[in-house]
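Open the model in your viewer and keep the selection tool at hand. We will go stop by stop.

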Amino acid sequence: MPSTFTSLDPAAVRAQFPTLSDDFAFLENAGGSQVPEVVVEAIRGYLLDCCVQIGASYPHSVKATQTVAEAHRFVETFMNAGEAGKAVLGPSTTQLLMMLAHAYGEILVPGDEVVIAESNHESNAGPWERLRRFGVVPVIWPVDRESQSLRPETLIPLLNERTKLVCFPHVSNLLGEVIDVAEVTRAAHAVGAKVVVDGVAYAPHAPIDVQAWEVDWYVYSTYKVFGPHMAALYGTHDAFEGLTGPNHFFIDRDNVPLKWEPGSLAHESCAGIAALGRYFEFLSGGHSGRRGVVEAFEAMERLERPVHRRLVEYLRTKPVRLVGPGHADEGTIGTVSFVHERIPSPEIVAHTDRRGIGIRHGHMYAYRLCEALGIDPATGVVRVSLVHYNTLEEIDRLIEALEDLL
Ligand SMILES: Cc1ncc(COP(=O)(O)O)c(C=O)c1O
């Protein structure tokens, strides 16, 4: 990886990603991002050099153990866990949240309430709703129908001394609007509740800071942030302490993360996650650790924002309903959903498929949100989702394709 690169030229950024070298315009990053070569090589290297079980004393196993530990260190730095808490790795956000809900099922009592935001991806809704079987009461935090926005002020009347958890997305995977996590967390803490924040749609766009926001639980999927298919769940020491993780009986409950990582992790993917720090170093002009993460995101924002603006400005001239804030200013990320007045979403996507442009339609597992906003989940929205490596040229190609149809 070149280290002399100082200003972020989109072509140099794209050159880090082997899969971005053809002329397919990949604009479906909210489904999962591409990975830089440094991550691909780390996974390959792991499989060739130390594909053994961790925890033994021979050199290959020592190296494997270190790799898995490095992946934990990376995600903790990425979320700014510091001394406040720990991160658990797992196969996906959905599975980590199911595991967390299962653990809460053991301590919540009938009559306890769990607030579930209507804008959640199903992974942060269904597992909590299923706690009904223990007498737990799910309370829906609705999205404002007119502004299509999840408003912190509408949460307040739902909170009371029975509220134990408030489960919401930092950014909805359809709406693209950033929720004020610190404000919601303060409101939840004021009644003694904890927050479970789904950061999956936020994480590829801006730095997570679990300490600044004082969140209890925060989860994101590494495959949406230029890494392999895994996910990371941060919890404060206090949040972990009240619960028992699912791992075997002879593993102490305070042995975090092991108590929360049953079975073997995908060790080769851990190698990929650990290597991601080098990509952030590249983006930040040579900084490592937390500074590298923060400065990398500043650089990514400078690349993503103009591309996002061009797309939204174009769509505002068309007979489409923008699902979400309808602008590309601060407080939004480059995920843009829309529904055309007449043309069904699948038809629009079939048209762009034929032109070598990757976007998508559907409910994207935000099924409840589609229903709440009067959108048929069967056809759903058309979603265009950008990250920093997308270019104005790609948006112009999309606009040209849409122009033929819309
Ligand atoms: C906002 C959001 N939350 C959660 C998930 C689920 O992530 P995973 O596939 O890691 O379970 C997704 C996946 O698309 C998502 O977009």
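This is a predicted model: local features need pLDDT of at least 70, side-chain atom pairs count only at pLDDT 80 or more; totals for chains, interfaces and linings use all residues.

**Stop 1: the shell.** The space that the ligand takes is the largest pocket.

Stop 2: Which atom of the ligand is 2.5 Å from an N or O atom in the side chain of Asp198? Select Asp198 and look: the ligand atom there is a nitrogen. Now go to Thr94. An N or O atom in the Thr94 side chain is 2.5 Å from an oxygen atom of the ligand. Move on to Lys224. Its side chain, too, has an N or O atom 2.5 Å from a ligand oxygen.

Next, show the surface. On its own, the ligand has 390 Å² of accessible area, and the protein covers 88% of that.

**Stop 3: aromatic rings.** The structure holds 22 aromatic pairs. Select one of them, Phe17 with Phe226. The ring centres are 6.3 Å apart and the planes stand at 75°, so this pair is edge-to-face.

Where in the chain do the two partners lie? Phe17 is in the loop between helix H1 (10-14) and strand S1 (25-26). Phe226 is in the loop between strand S7 (217-221) and strand S8 (231-236). The pair therefore ties together parts that are 209 residues apart in sequence.

Key: Residues are numbered from 1 along each chain as its sequence is written. Side-chain values use heavy atoms; hydrogens and water are left out. A polar contact is a pair of N or O atoms within 3.5 Å; within protein, one must be able to donate a hydrogen and the other to accept it, and residues adjacent in sequence count only if both atoms are side-chain atoms. Accessible areas come from the Shrake-Rupley method with a 1.4 Å probe; for residues, only the protein chains shown count as cover. On a 1 Å grid over the protein atoms alone, a cavity is a set of points where a 1.4 Å probe fits but cannot get out, and a pocket is an open set with protein on both sides within 12 Å along at least five of seven lines; lining residues have an atom within 4 Å of a point. A molecule sits in a cavity or pocket if more than half of its atoms lie within 2 Å of its grid points. Rings of Phe, Tyr and Trp (its six-membered ring) pair if their centres lie within 6.5 Å; planes under 30 degrees apart count as stacked, over 60 as edge-to-face and the rest as tilted. Helices (H or I, at least four residues) and strands (E, at least two) are DSSP runs, numbered from the N terminus.
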